[in-house]
Amino acid sequence: MPVDVRLLTEPDFPDWVRALNTGFLRAPTSTDEEIEDRRSSVGLSRMRGAFDDGRCVATYRSFGQRLTAVGGAEVAANAVSNVTVSPTHRRRGLLTRMITEDLGAAKERGDVAATLIAAEYPIYGRYGFGPATRMAEWEIDVPRTGLDPRWSGPEDGGRIDLVDASDVRKLGPALHERVRRATPGAVDRGERWWQVFTGEVRPGWAPWKDPFFAVHRSAAGEVDGLLAYVCDAKWGDGKQPLNTATVLELTAASPAAERALWRYVCSVDWVQTVRTGPRAPDALVADLFPNARAARIVTLGDWLWVRILDVPAALEARTYGMPGALVVEVGDRLGFAGGRYCLEVGTDGRGSCTPTRDAAEVALDVRELGALWLGDASAVRLAALGRLTEERAGAAAIADALLGTPRSPWCPDVF
Ligand SMILES: CC(=O)SCCNC(=O)CCNC(=O)[C@H](O)C(C)(C)COP(=O)(O)OP(=O)(O)OC[C@H]1O[C@@H](n2cnc3c(N)ncnc32)[C@H](O)[C@@H]1OP(=O)(O)O
């Protein structure tokens, strides 16, 4: 009997959770509470599974997401998550069947793009996803930073206060909303995100340790920064504290708040090492210190992957650094977004994008367009890699001048 790939129905859910845990190498069994908690937090309507002789052997879920484009507008995105195929059924095309159906539904719904955080690099390019934002994590050797150890708070009239989880649930969402609308690549967060982040809801699959929460207020008294961190309890043989603080979240609506919160976490007594957690690759953190080499990059990699589903809508949603025009030939093996398009950008930085028969100036796969869309990748570099063809000499540099951005895009979330 062929393996049945289909949308989930209510009775499938416990078996689907077992298959999900299996694919992610977690203990396959779950308590009834865990299943009920998961069930109440996700909508079944966009969950898929593959069933072999009645047993779930593959999982897939998508949900609606708001994704910030360059310039601050947001687009409707189809966020992809919980992708697994059990080891007994791998490499038989089950992922391909589930994702092709789901992207087709997203296209029909009018979603502009699809997004995901890829577990492994080689999986999703074949479906038109490109790495659109990157992450970096630093480890800071605090005594080497050259910071004045006598620091006791911001000198510019701002202040930092430790707060409780319930305060974070009150203050965090509005701050995050403000920051994510100003951050290309950021995505919206629902109430559940804040419940899990603050420990109000503790899913069985994630270990929990109460973080320390701090907020930064500007001199005007406005909350413009949020920090969450946990500390270990390591001491050396010579009775020296060797604690590490690991930052779980640092959201700042202003550079002053960002600077103050990094300064704060590097000033906590006993803390010798700060792990920044995943940050934007051009985060301010490393260069805040008199000795920037005290911050060492420990991880650098791709983060949010974007799959453009509607080229004109995606290119018209964002803004551009200069006026100009470019004819782009987009290839799409799955047939959702391919075609030749003319992008024309006015002096106001807004673009119009329409299908055209004019000669293409650059040709690329939709995967590379996804990588370029948020401004992180370079068309000139993609041409050097052989992943973008210049049909007119110099066109890749024009693409970069149009699409490039002064700061890197950044998605602080994992989903
Ligand atoms: C957004 C997220 O949820 S990320 C989490 C992804 N999940 C995981 O990493 C969990 C562990 N891995 C798995 O469950 C599975 O291996 C999956 C889901 C990644 C792939 O599922 P499969 O059903 O085996 O993929 P499928 O058979 O459709 O493969 C399609 C193609 O992708 C390739 N492919 C699939 N997975 C990988 C991989 N990890 N590395 C390299 N190539 C891969 C296949 O070789 C195949 O290539 P082809 O078209 O050239 O023949």
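Here is a short tour of a ligand site and a sheet.

First, some ground rules. You're looking at a predicted model, where local features need pLDDT of at least 70 and side-chain atom pairs count only at pLDDT 80 or more, while totals for chains, interfaces and linings use all residues. Residue numbers start from 1 along each chain, as its sequence is written.

**Stop 1: the ligand.** Select the ligand and its surroundings: 21 residues sit around it, and the closest are Val83, Leu95, Thr96, Ala119 and Pro122. A residue counts as near if its C-beta atom, placed from the backbone, lies within 6 Å of the molecule. Now colour 74-85 and 94-109: strand 4 and helix 3 each give at least two residues to this shell. Strand 4 has the largest share, with six residues. (Helices, H or I with at least four residues, and strands, E with at least two, are DSSP runs numbered from the N terminus.)

Stop 2: Next, pick out the open sheet of five strands, ordered 17-16-15-18-19 with mixed pairing. At its edges are strand 17 (351-355) and strand 19 (388-390), each pairing on one side only. Strands pair if DSSP finds at least two bridges between them. Zoom in on strand 15 (residues 324-331) and strand 18 (residues 362-365): they run parallel, joined by four bridges. Glu329, for one, has Ala363 of strand 18 as its bridge partner.

Stop 3: Finally, show residues 366-373, where helix 8 lies across strand 15, strand 18 and strand 19, at about 100 degrees to strand 18. Contact here means C-beta atoms, placed from the backbone, within 7 Å. Axes are lines fitted to C-alpha atoms, for helices over the stretch in contact, with angles from 0 to 180 degrees between N-to-C directions.

Conventions. Contact = placed C-beta atoms within 7 Å.
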